[in-house]
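Have the sequence and the 3D view ready as you read.

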Amino acid sequence: MKPLAVSLGDPAGVGPEIIAAAWSRRAELGLPPFVVIGGAMIMGRASAEGIQCTEGPDGTCQPGQPDAASARIALQSLELAIAGAIAGEFSGVVTAPVAKSAIAEVCPGFIGQTELLADMCNLDRQSSVMMLAGPSLKAVPLTVHCALSDVPGLITQDLIVHRTRIVARALLTDFGITAPRIAIAGLNPHAGEDGRMGREEMEVIAPAIARLRTEGIDATGPHPADTLFAPHKRSTYDAAIAMYHDQALVPLKALDFDEGVNITLGLPIVRTSPDHGTAFDIAGNGIARADAMIAAIRMAGAVAARRANG
């Protein structure tokens, strides 16, 4: 299998050091082969002895001091990694953390890595689905990088059906779950309590679930979100679909912060990322944990191998 491409992330953040830590433990942990896109000098300063770096963006960025130059390096490394995977040079992409606002300053219109992946793969953004996956939970936010006040207007039957189909297919093809079970959360407290706390469950979410079930997809709900992530509930489904960003990410990070992986479903290429940020406040201090980066590399390799084997 061809190596994975690992993008640098913002070189002023913890990306280089967690990549270096993963590299130093690759044999011990049996990680799939990977190369870093650009950043030979950056990775050298991160003490990644012998690490393989391709030609690409590089610089003398200081840990903990992000600037326009570090944002450009992050974006260029990311774009090269994605383009290489699309061209078949790499078996998948693992993206180190970036600062969205910093990249948006040098690339107006940038929203996030997930959206850029969809654009570069020539997909509409609704077909690029963010899943947060850890040992305890797989969770998908139906709406992602938007204001909470916008969420009710964005939730439609078609969006729920479209994204749940993608999740069901990915659970089968990328995770090898032969009969995926998907739990769908409500939007309002107590899943609306029969319309007394909101009608989205009755008018939008429940009808979408009924449509999915007629297609043979094992979708249930709408479930009250305050109980959906309890241990006895998690055993009843393979993935949960939440209505908005924090409804999915809060439980995932509470349960699996150090091993959480962001995997993008619905793409023609494999993409994973550690589910944490740049951590500029601790960058360069040698205390950043590499568990999530290691988990992201391992998951990307497993998904790529499963796809290759059909």
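We can begin with Glu 193 and Arg 196, whose side chains come together in a salt bridge with an N to O distance of 3.7 Å. Keep in mind that this is a predicted model. How exposed are the two partners? Glu 193 has a relative accessibility of 28%, so Glu 193 counts as partly exposed. Arg 196 reaches 61% and therefore counts as exposed.

Another of them links Glu 215 to Arg 165, with the closest N and O atoms 2.6 Å apart. Where do these two residues lie? Glu 215 sits in the loop between α9 (200-214) and β7 (218-223), while Arg 165 belongs to helix α8 (residues 157-173), so their contact ties together parts that are 50 residues apart in sequence. Glu 215 is partly exposed, at 40% relative accessibility. Arg 165 is partly exposed too, with a relative accessible area of 32%.

Now look for Asp 218 and Arg 213, where a salt bridge joins the two side chains at 3.5 Å, N to O. Here Asp 218 has 33% relative accessibility and counts as partly exposed. For Arg 213 the value is 47%, which again means partly exposed.

Salt bridges can also share partners, and that is what happens with Asp 258, Arg 289 and Asp 291, which are joined into one network in this way.

Definitions and conventions
Residues are numbered from 1 along each chain as its sequence is written. This is a predicted model: local features need pLDDT of at least 70, side-chain atom pairs count only at pLDDT 80 or more; totals for chains, interfaces and linings use all residues. Side-chain values use heavy atoms; hydrogens and water are left out. A salt bridge is a side-chain nitrogen of Lys or Arg within 4 Å of a carboxyl oxygen of Asp or Glu. Helices (H or I, at least four residues) and strands (E, at least two) are DSSP runs, numbered from the N terminus. Buried means under 20% relative accessible area, exposed over 50%, partly exposed in between (1.4 Å probe, protein chains only).
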